[in-house]
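Q: Can you walk me through this one? I'd like to start with charge pairs, then move on to surface and sheet.

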Amino acid sequence: MSDKKILQELIYSFDIKETLPIWYTSFPEELFNNLNQIYQKIKKKNRRATGENFIPVASLNDTIRASSGVLSTGRGIAKEENEILRQYWLMSNGEPIDSESIKLVLLSWLSVEFSNRENFSDEDYELLQEGLESIEPSQKINLIDLPFEKNSLSWKLAVADAIAVKIVNYSQNEPILIGREKYKFIKSPNPGEIQEWPPKPQQLKNSQLKGLSSLCLNFKVGFRYFDSTPKIYIHPSIRRYITEPFEPKYNCAASLHIQAPANYWKKTLPFNRSLQAVSLIKRDGEYIFRNKVLDVLNGLEEGNNLTPEPDKIISAIPQHGIIPEQLNAGNLTVLVLKTTTLLKPTRMEIPKEGLFSHDKRLIFDLFKKFPEFEPTNSLSECDVKVSRNKNHLTEVNPLRQFAQQNKSINILVSIPEQFNRLYKKVEKGFDELKNEVYKESQVKLPINIIRASEDLANIFVSSCQQNDKEKISSRETEIMEMIKAVENEYNCSFDCALIAIQGADYPEYKNGRNDPKTINTKILSKLDIVSQFIVTSYDEIRRNKKTGEEKIIEEKDVQIVSRVNNAISDLMRQLDIPCHKKFEIVKLTNQEVLNAPENLLIVSFFVLRITGKTASNNVAKLMPVITQINNDTGKISLLLMNANKNKKDNQDNTNWLSVKEAQILLASDDLEYVELKDNQKEKALQKVRTFFVENLKNLCENSSKNVLLVVQEDNIRQVIPNLSTEKCCLDELPFVPTGSKSVFDNLRIVIVKSSTQEVSTAYKIWKEKRNPIIIDRELYPGYASAELYPVNNFIYISLGDRGVVQHNANFSKLDDSFKEVKYDETWKDENDQKKLKNYPGSKSWKEVIDNLEKYSSEPYKMGTDYANGCKYQTDKVVLISAQKIKDGKTIYYEQLPNKWSQRPHQGTPVELIVQKVPTDESHLREGWARVVHELRSDSIQYEYSLKVPIILDIPRKLVDYFRLSDANIVRSDSDYQHQQETNGVTPELD
């Protein structure tokens with residue numbers, strides 16, 4: 001009998017009646033009215049003024065966050081219509097909020113933000129001060145009576161925070177056993193989040209402190225499709241603090257976490273058992289708190305002891321930002337959070353932020369202490385078989401089509417001569433690609449590799465300041481002339497380029513400010529060349545502290561080959577190489593059969609975005625993309641909104657493009673995209689909806705109505721809100737008028753929910769089988785690959801296979817003694833040198849068991865129940881566990897070092913919601929879920945599963961080219977003469 005896998009998600013339902021009451025304080029009504037009155041007066045003089053800009057809530061929110069543990073809804077209080085957010089401005093679980101303390105904070109905030117503001121009179125400032133007198137004492141309300149809608153962010157945060165406080169309070173009185181250790185928790189600065197306190201020190205062999213780490217649990221309240229019952233999603237991770245020299249990246253902030261004793265405040269703001277946060281930035285060589293927090297705190301009345309003494313915090317941090325150890329500024333503990341906003345610290349040996357499979361199983365133990373947490377049902381793996389045409393992959397392989405058409409793929413490879421080791425690996429990588437295609441199709445693929453000259457390679461790798469128009473124009477001219485010269489020499493035109501650049505820590509790149517990647521991409525796109533970049537080298541330089549001698553540690557060949565293969569794969573993707581394997585028959589768990597219909601089109605609707613925060617004119621921009629894969633031919637086509645406006649022959653209403661063509665068009669300045677201006681946002685979104693619906697209608701009509709539509713919920717919920725979790729209805733078409741639905745009768749819709757904040761990221765998997773030794777049903781830990789689990793008839797959990805990673809999936813960060821488990825009963829009585837050749841000491845299995853029994857006969861049960869467990873250690877540091885069973889026998893497990901036994905890493909799950917199918921396929925929803933699940937592995941160049949199905953992966957990777965269309969990407973002088981007002985963004989460098 002084959003193993004049956006059982007999945008349990010870290011999701012619970014929760015009785016909110018069991019939470020503490022909430023104390024809330026309202027934003028002073030008279031103060032808001034006075035602010036609004038002054039704003040209306042100023043707006044008459046300055047029409048560009050907005051209410052959000054006039055009331056600087058950022059500095060107020062950050063000050064509250066730095067000085068108290070309350071939950072704030074303050075981001076929306078500046079909008080006049082958000083009366084409910086002002087009423088429940090600050091909330092605290094179980095502790096009243098001292099209104100006089102809040103009044104002092106508001107008074108200082110008014111002084112900092114308004115006392116010297118332009119066009120602001122003394123009378124205006126006095127009017128605001130008078131408005132503070134309307135502040136009212138905090139009031140108590142039960143969580144269940146909060147007047148927010150259940151799907152509102154404020155309600156979700158309040159519930160999550162209440163749960164977090166409940167667990168913190170419990171753990172402070174009775175530490176919670178997780179695995180073999182007991183944990184105390186403290187509230188973190190983020191709503192609904194707790195973390196282990198105090199953090200554990202991470203030390204090197206010489207006992208030097210290299211950092212601190214804490215187990216962190218983030219609680220999110222969410223809903224599943226077609227279910228009005230709220231669920232609690234628990235996201236575990238490792239929070240890390242550094243104790244080494246650090247500096248924020250350019251235009252970024254360092255996050256400081258502050259912890260004070262319970263009696264630190266004389267006036268009561270809820271601060272007990274919580275951490276506070278403040279952002280530290282560098283301006284003109286000096287460190288300051290972001291958003292004027294330090295100014296507001298320093299402006300508080302002297303002697304009230306409300307301020308967390310920011311001077312002590314600042315003085316504890318030396319001028320160059322070097323923190324030698326855990327800081328203690330007076331009564332405050334200050335820690336520096338390890339984040340991506342910091343420059344890379346020197347050799348930080350702190351655990352990575354993620355947790356492994358065994359750790360996630362241990363987290364489930366925490367909630368045994370809380371019977372009001374009710375776990376979701378266990379899920380059994382789908383037994384679905386997919387029949388796919390094996391010859392189809394060869395027949396429609398785009399690489400083979402290139403060869404048959406006698407069309408060469410000309411690739412410019414730009415690698416300076418000093419990195420010849422990398423170049424040889426690239427040459428070998430392309431040779432292996434040719435051999436693979438020949439093996440499949442008996443056709444030699446005409447890939448032509450042409451190496452760039454040393455001068456051109458050095459230009460590509462050199463730094464480039466992104467706002468230096470003159471140098472960029474000169475760089476563009478040089479690159480274009482050199483490439484044209486090469487094309488003339490070889491009588492060819494380049495399709496793509498593989499370009500080597502330095503790593504992110506290269507000094508000349510100045511932390512990304514002078515990184516040439518985006519400028520190089522922009523220049524090459526003007527020549528109709530798509531580009532892929534690869535880092536030149538990851539060699540390390542180690543310095544002997546005693547002698548000062550430097551030693552170069554070369555990057556291993558296997559690491560270079562891995563980078564080269566990834567680069568080649570991504571380059572091929574840009575040439576329409578992702579290849580669909582034709583679906584034919586899907587056999588379901590209940591033995592029903594889904595036959596893929598003829599003329600099936602697999603279609604996605606995806607929206608590329610540039611946010612208002614990063615856009616050059618502070619206006620968010622959209623570009624909707626429709627992608628289709630023909631199930632019969634494997635052909636991939638994309639449709640961009642307004643693309644037909646750029647066609648010379650505009651007779652065709654559509655302009656389907658290849659992946660390469662779409663990238664080039666997105667990077668150009670010719671494509672008109674959608675701007676979400678405040679006063680025209682809904683009108684703009686309606687244009688996007690019309691583009692989507694009309695083209696979807698055309699596809700349904702032209703393919704005998706057989707279309708499978710795949711959308712990503714967190715991507716399209718703004719454009720099609722009725723497809724979101726709370727508003728969606730089964731088998732309905734919320735985006736289509738009633739009279740036009742017949743054409744969509746055979747439309748299938750699968751919604752992919754992939755946001756890590758909205759899908760369970762933690763789960764445990766058990767295998768269920770009849771054990772021949774126990775002669776009974778046994779559950780033991782299992783590990784996932786690419787599997788599908790039904791929640792019900794229309795919601796499915798899709799797990800991806802992420803491959804073997806550096807650390808074993810069965811490694812543990814919470815249980816140091818747990819490594820790898822491997823069981824082989826035949827080792828009990830034989831001394832097999834072949835089997836035991838990798839065993840430390842080459843002892844026989846029986847000798848190991850005998851050695852174990854000398855220590856103790858007390859059993860150690862593998863799994864999650866460690867209350868009575870013991871760990872045993874042989875003389876060769878190999879840990880053994882034993883489990884007694886009902887007939888008196890004992891099964892022994894060996895825990896091997898990771899390097900001897902690796903398992904695939906369990907990827908993050910995504911939810912697949914089969915929202916609509918034709919009436920005659922209502923019993924076949926599982927089949928369509930399986931089809932979309934298979935699309936996560938539906939690419940010839942990726943060995944393991946994609947994060948989302950390939951039909952969504954193709955358009956989402958266009959965003960880097962879309963960012964190049966913004967005005968902040970500096971172009972040549974001729975381009976600037978014709979600059980359009982609608983262009984715009986400084987790209988976010990990956």
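A: One definition before we start. Helices are DSSP runs of H or I with at least four residues, numbered from the N terminus. Keep in mind that this is a predicted model.

Q: Fine. Which residue forms a salt bridge with Asp570?

A: Arg573 does, with the closest N and O atoms 3.7 Å apart. Asp570 and Arg573 both belong to helix H17, residues 557–573. They are 3 residues apart there, so about one helical turn separates them.

Q: Why does that spacing matter in a helix?

A: An α-helix has 3.6 residues a turn, so residues three or four places apart point the same way.

Q: Are Asp570 and Arg573 buried or exposed?

A: Asp570 is buried, and Arg573 is buried too.

Q: How many salt bridges does a search of the whole structure find?

A: The count is 30. Lys621 and Glu675 form one, with 3.8 Å between the closest N and O atoms. Lys621 sits in strand S31 (residues 621–630) and Glu675 in strand S33 (residues 674–675), so this pair ties together parts 54 residues apart in sequence.

Q: Buried or exposed, that pair of Lys621 and Glu675?

A: Both are buried.

Q: Which residues do salt bridges with shared partners join into one network?

A: Arg421, Lys425, Glu554 and Asp557 are joined that way.

Q: What about Lys231? Which side chain does it meet in a salt bridge?

A: The side chain of Asp227, at 3.0 Å from N to O. The two partners differ in cover. Lys231 has a relative accessible area of 10%, so Lys231 is buried. Asp227 is partly exposed, at 29% relative accessibility.

Q: Switching to the surface. Which residues gather in a patch of negative charge?

A: The patch holds Glu29, Glu30, Glu83, Asp122, Glu123, Glu126, Glu130 and Glu136.

Q: Which helices supply at least two residues each?

A: Helix H1 (29–45) and helix H6 (122–131). H6 gives the largest share of the patch, with 4 residues.

Q: And where is Glu136 found?

A: Glu136 is in the loop between H6 and strand S6 (139–141). At 44% relative accessibility, Glu136 is partly exposed.

Q: You mentioned H1. What is the relative accessible area of Leu35?

A: It is 1%, so Leu35 is buried. Leu35 lies in H1.

Q: What about S3 and S5? Over how many bridges do they pair?

A: Over 4 bridges, in the antiparallel sense. Strand S3 covers residues 22–25 and strand S5 covers residues 90–93. Thr25 stands opposite Leu90 in S5.

Q: Last one. How many residues of helix H18 are buried?

A: In H18 (residues 659–667), 8 of the 9 residues are buried, so the helix is mostly covered. Among the buried ones are Val659, Lys660, Gln663 and Leu666.

Technical notes
Residues numbered from 1 in each chain as written. Predicted model: local features only at pLDDT ≥ 70, side-chain atom pairs only at ≥ 80, totals over all residues. Heavy atoms only, no water. Patch = residues over 30% accessible without salt bridge, like charges linked within 9 Å, V, L, I, M, F, W, Y side chains within 5 Å. Areas by Shrake-Rupley, 256 points an atom, 1.4 Å probe, with all protein chains shown as cover. Salt bridge = Lys/Arg side-chain N within 4 Å of Asp/Glu carboxyl O. Lys, Arg positive; Asp, Glu negative; His and termini not counted. Charge placed at Lys NZ, Arg CZ, Asp CG, Glu CD. Buried < 20%, exposed > 50% of the residue type's maximum accessible area, 1.4 Å probe, protein only. Pairing = 2+ DSSP bridges.
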